[in-house]
Amino acid sequence: MSQLSPIVEDWFAAKGWAARAHQLDVLAADRAGNSVLLIAPTGAGKTLAGFLPSIEDLIVNPHDGLHTLYISPLKALAVDVARNLDAPIAGMGLKIKVETRTGDTPASRRQRQRFDPPDILMTTPEQLALLLSHPDSARLFGNLKRVVLDELHALVTSKRGDLLALGVARLAKLSPDVRVTALSATVAEPDILRDWIAAPVFPRPAVLINAPGGAAPELSILESEDRVPWAGHSAAYAVPQLLETIKAHGTTLLFVNTRSQAEVLFQSLWAINDDALPIALHHGSLSVEQRRKVESAMVAGNIRAVVCTSTLDMGIDWGDVDLVVQVGAPKGASRMLQRVGRANHRMDEPSKAMFVPANRFEVLECEAALEAVAAGAQDSERPLSGGLDVLAQHVLGMACAAPLDANAAFAEITRAWPYRDLPREKFDRVLDFVATGGYALKAYERFAKLRKTPEGLWRIANGKVAQQYRLNVGTIVEEPMLKVRLVRARGVRKGATTGPIGRGGRVLGEIEEYFIDQLVRGDTFMFGGEIVAFEGVVETEAYVSRSYSESPRIPAYMGGKFPLSTFLADGVRRILADRDNWRVLPDQVREWLELQEAASVLPGRESLLVETFPRADKHYLVCYPFEGRLAHQTLGMLLTRRLERARAQPLGFVATDYALAIWCATDLSAQIRTGRLSLDQLFDEDMLGDDLEAWLDESALMKRTFRNCAIISGLIERRHPGKEKSGRQLTMSSDIIFDVLYRHEPGHILIEATRRDAARGLLDIERLGVALKRIRRHIQHKPLDRISPLAVPVMLDIGKEPIFGEAREAVLREAAEDLIAEAVGR
Amino acid sequence: MSSAHPLTDNEITTINFRGHAFAPLVSGALYWPAHETLLVADLHLEKMSSFARSGQLLPPYDTAMTLERLERDIALTGARKVIALGDSFHRDEGADTLPDAERVRICRLTGTIDWVWLAGNHDPSVHRLGGLCTSEISVSGCVLRHEPVLGAQGVIAGHLHPAARIAMNGKSTRRPCFVWDENLLILPAYGASTGSLNILSEAFGGLFNRARLQVMVMGRDRLYRVGLNRLVRG
């Protein structure tokens with residue numbers, strides 16, 4: 001224990017505590033001048049481990065200026081950690097100044113912090129970028145000793161992580177003494193994370209320290225007397241049992257995967273909540289005040305259950321949670337471990353968690369997740385190579401701070417882990433983009449944002465450029481949202497435009513514009529825990545009225561944000577493929593699989609089962625790749641194109657996390673039998689070549705992705721309160737920009753960035769590629785005379801999908817035919 | 001129209017306005033065969049470059065795209081005259097600050113066929129790109145001008161960038177459109193960089209006689225006539 005100063009030692013002693021081994025290990029590593037990756041479960045004293053080296057250093061070595069910079073993904077977490085740090089610092093009687101800096105910090109204090117910084121500053125990646133863009137950043141960070149990165153695992157898989165990596169590389173340049181301490185939950189590949197923090201401070205090594213895990217969690221799957229449904233995502237069958245479970249526990253967190261699922265579950269719990277147990281709702285669409293109210297009620301212990309989405313996945317303790325329930329598909333093992341960890345933040349007691357499958361496939365998925373969580377298996381995402389749009393933003397930020405030398409900047413940037421393999425040629429194109437738009441047609445020299453000085457440095461053209469940069473900093477681009485306002489219903493009259501809409505009701509929250517876009521007046525949907533009817537859009541608000549209908553007309557499930565992880569998918573395939581594994585399954589699920597075995601076959605672990613069968617007047621092809629909804633959707637798009645070319649007349653498709661169903665006007669079984677259609681050719685990997693290109697050309701997904709890249713890279717400006725364009729205009733104009741750019745310069749750096757993002761995000765092409773490779777020449781075709789038991793769930797999803805692409809054109813055709821029919825009196 | 005025969009494609013895609021037959025094109029232009037004249041509204045040339053002035057360096061290709069489209073439509077219809085219904089330039093100075101390549105291209109067009117530039121709210125000034133600059137023009141009893149006017153008889157205009165959102169079986173899609181009644185015909189915006197406005201929005205209030213309103217929307221490869229009962233806001 002001699003490592004600690006007497007002051008710190010005394011403080012621990014007075015508390016009756018002792019420093020934990022991993023806290024001392026972090027201290028020792030930091031003193032040796034190393035960076036540290038500390039992997040620790042919640043409740044392991046991570047905060048103190050992260051700051052103990054700073055406290056020790058500040059006790060022993062008097063310091064001038066900012067000593068430690070702490071960066072958290074959440075504003076609230078930064079504030080909370082600052083508060084938690086105050087107690088030991090005050091308890092030790094130290095004069096260490098700790099401050100936070102977030103978007104909520106008053107401008108005067110933010111200004112002062114730049115000239116008179118505290119010893120320890122708590123902030124976010126965006127605020128760091130802002131600080132770095134000021135000419136005085138060299139002075140502010142020149143004497144920085146330590147950077148503490150919290151919840152790093154959550155940051156590194158996103159563009160925020162790219163921005164942070166570039167920021168840390170900048171800090172390492174400004175202060176060569178700096179070392180990094182990163183705090184992370186358990187991840188699949190800790191060495192990648194370690195490299196991530198070591199890269200910018202090279203050759204200083206980073207050491208990996210693992211805090212001991214807590215007690216093993218107690219896990220279960222809800223066993224139901226009722227029938228687990230074939231399809232659907234609401235878990236309605238389990239609601240009475242869930243209410244009983246809530247009654248039997250102090251505080252329960254019920255996690256679901258989407259906001260609409262949260263709405264549905266909340267509504268159905270309240271429908272039978274005769275004891276009026278305080279059950280609350282928490283998701284990203286609710287207004288901030290509403291969410292804060294729920295959070296403080298939890299802290300005060302006034303709430304028995306909260307139905308929530310990923311908004312409560314991480315961050316500060318909201319009180320004593322006795323049980324975590326996952327309703328619906330778990331999607332990934334690491335995600336589940338994190339959610340399970342939300343129960344019981346005391347290390348020595350086991351967390352208690354329960355899985356509630358919403359349909360039969362999810363029973364298999366829950367079973368696979370249970371095994372994975374029990375074994376502590378991880379399937380967290382791997383950080384990816386850095387986004388070029390983020391790089392463009394950062395380059396402009398660097399130029400705002402000081403005229404930029406291209407060679408030096410490139411050397412610095414490639415020290416950031418996500419950009420370690422960045423080719424010089426790409427960097428030069430990004431620089432050109434920032435300066436004049438990067439177009440082959442050099443039309444904008446006179447409007448350049450960066451100009452070259454006689455010394456060959458890149459300097460911002462004027463002060464307005466820096467101003468614009470600061471307004472647009474950050475990588476979080478919100479979906480265009482509309483406020484949802486509750487108004488009185490209009491009288492029921494013919495025609496959509498008659499009758500005034502009542503005004504001035506209360507705001508229920510915000511909703512994605514794309515959802516509202518597909519609604520027609522009178523459509524009912526669930527929002528803020530009630531069923532509402534859509535009345536119309538007035539400027540940037542969606543007006544809704546209270547509806548008394550029993551069930552909403554617009555299907556609530558809009559697809560989960562997270563696709564099924566490869567790891568869990570493999571678990572599901574493993575359970576399916578081996579009858580020995582079925583013993584753990586509920587009887588009804590086992591019977592379902594036995595029925596499938598009798599009627600068709602079960603999907604193998606490495607092969608792909610393809611079933612074809614007629615139904616009504618159409619012919620169906622159902623396959624079971626288990627690669628997640630996004631990859632299946634892409635596969636569906638590409639297969640329909642190929643079937644079209646093969647004259648099989650495809651009419652549509654639907655994708656779930658497990659399966660893909662395509663329907664055609666021609667007899668697929670017969671075509672495969674006679675050799676007119678080859679499944680091996682149909683599923684050949686080469687579809688990811690030309691077919692993919694051709695499809696991307698028409699894809700609305702490219703436009704949605706482009707909008708994000710255009711905003712992050714600074715091509716178009718972000719919305720700002722007060723002088724904002726409405727999201728409606730912004731979306732439209734970015735679509736137009738995309739059309740023009742894609743037509744004339746498809747090789748432009750932003751199109752390249754968009755293509756990359758679309759391939760990884762919305763299309764999941766990498767995963768599809770791996771799957772297609774795996775199943776090559778392992779396709780098992782099963783022609784059937786009717787639908788198989790395994791095909792039922794995906795077939796039940798038909799008709800619930802929102803439309804895009806070709807289907808939009810079909811709407812026009814139908815509308816026109818409808819008019820013709822009317823005109824000819826049919 | 002008798003209910004005995006189904007509408008032919010031609011009948012569906014012809015606009016009859018004040019006794020004249022017009023052929024709308026899927027690009028958003030309107031061809032008037034009797035006068036061998038092509039009408040286009042709201043080209044908004046140089047729109048992207050005007051953003052560049054304020055620091056948003058948008059792709060400088062929209063002007064070329066619009067001109068390309070226009071050249072194609074002229075070739076396709078064999079028009080001998082073009083009437084641009086105003087807002088041909090996004091900024092009034094646009095005609096002066098055109099890059100050389102585009103200036104040459106426009107002058108070649110205006111040097112080859114008859115050309116009328118009607119003044120718009122974005123480009124009220126007279127310029128020297130060839131052809132005639134004026135505020136409005138009468139052709140066979142129709143008044144061609146930039147902005148529609150309330151209560152006028154036989155006006156063909158642009159300005160509003162009309163679009164329709166069509167709902168069908170709980171789904172909907174939004175497209176630029178031609179919209180007209182017995183007194184007023186409004187063309188969709190033709191420029192590659194133009195947005196659009198729903199014809200059910202307030203900007204169109206009172207302009208049309210709803211009972212006689214007709215709408216033709218632009219599909220990917222053809223135009224579609226749609227019934228009013230299918231139109232929704234948004």
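Mentor: Let us begin with a pair of strands. Strand 9 (residues 252-255) and strand 11 (residues 305-308) of chain A run parallel and are joined by four bridges. Please keep in mind throughout that this is a predicted model.

Trainee: What holds such strands together in general?

Mentor: Strands of a sheet pair through backbone hydrogen bonds, and the pairing is either parallel or antiparallel.

Trainee: In what order do the six strands of the open sheet in chain A lie?

Mentor: The order is 8-13-12-9-11-10, and the pairing is parallel. Strand 8 (218-221) and strand 10 (279-282) of chain A are the edge strands, each pairing on one side only. From one strand to the next, the twist averages 20°.

Trainee: Which strands of chain A does helix 14 lie across?

Mentor: Helix 14 (residues 333-340) of chain A lies across strand 9, strand 12 (323-327) and strand 13 (352-356) of that chain. With strand 12 of chain A, helix 14 makes an angle of about 145°.

Trainee: How is chain A divided into domains?

Mentor: The domain assignment gives domain 1 (6-210), domain 2 (218-374) and domain 3 (391-474) of chain A. The centres of domain 1 and domain 2 of chain A, taken over C-alpha atoms, are separated by 33 Å.

Trainee: Which backbone details in the loops of chain A deserve a look?

Mentor: Two may be noted. The peptide bond from A:Phe202 to A:Pro203 is cis, with omega near 10°; A:Pro203 belongs to the loop between helix 10 (190-198) and strand 7 (206-210) of chain A. A:Ala276 has a phi near 50°, which is a positive value in a residue other than glycine. The loop that holds A:Ala276 runs between helix 12 (259-271) and strand 10 of chain A.

Trainee: How does one describe the packing of two helices, and at what angle do helix 23 and helix 30 of chain A cross?

Mentor: The axes of helix 23 (residues 629-645) and helix 30 (residues 765-775) of chain A come within 9 Å and cross at roughly 75°. Because of that angle, helix 23 of chain A is roughly perpendicular to helix 30 of chain A. Helix 23 of chain A contributes A:Ala631, A:Thr634 and A:Leu635 to the contact, while helix 30 of chain A contributes A:Ile765, A:Arg767, A:Leu768 and A:Ala771. Of the residues in this contact, five are nonpolar, one is polar and one is charged.

Trainee: How many helices and strands does chain B have?

Mentor: Chain B has five helices and 17 strands. Seven strands of chain B form an open sheet in the order 1-2-3-4-5-6-7, with mixed pairing. The edges are strand 1 (15-17) and strand 7 (132-134) of chain B, each of which pairs on one side only. Direction ignored, neighbouring strands of this sheet are turned by 25° against each other on average.

Trainee: Where in this chain does one find a parallel pair?

Mentor: Strand 5 (residues 81-84) and strand 6 (residues 114-118) of chain B run parallel, joined by four bridges. Within chain B, B:Ile83 stands opposite B:Val116 of strand 6.

Trainee: How may the overall form of chain B be judged?

Mentor: For 234 residues, a compact globule would have a radius of gyration near 17 Å, so the 18 Å of chain B agrees with that form.

Note on methods
Residues numbered from 1 in each chain as written. Chains lettered and ligands numbered in written order. Predicted model: local features only at pLDDT ≥ 70, side-chain atom pairs only at ≥ 80, totals over all residues. Pairing = 2+ DSSP bridges. Axes fitted to C-alpha atoms, helices over the stretch in contact; angles between N-to-C directions. Parallel < 35°, antiparallel > 145°, perpendicular 65-115°, else oblique. Contact = placed C-beta atoms within 7 Å. Nonpolar A, V, L, I, M, F, W, Y, C, P; charged D, E, K, R; others polar. Domains from an automatic or database assignment. Rg over C-alpha atoms; globule rule 2.2 N^0.38 Å.
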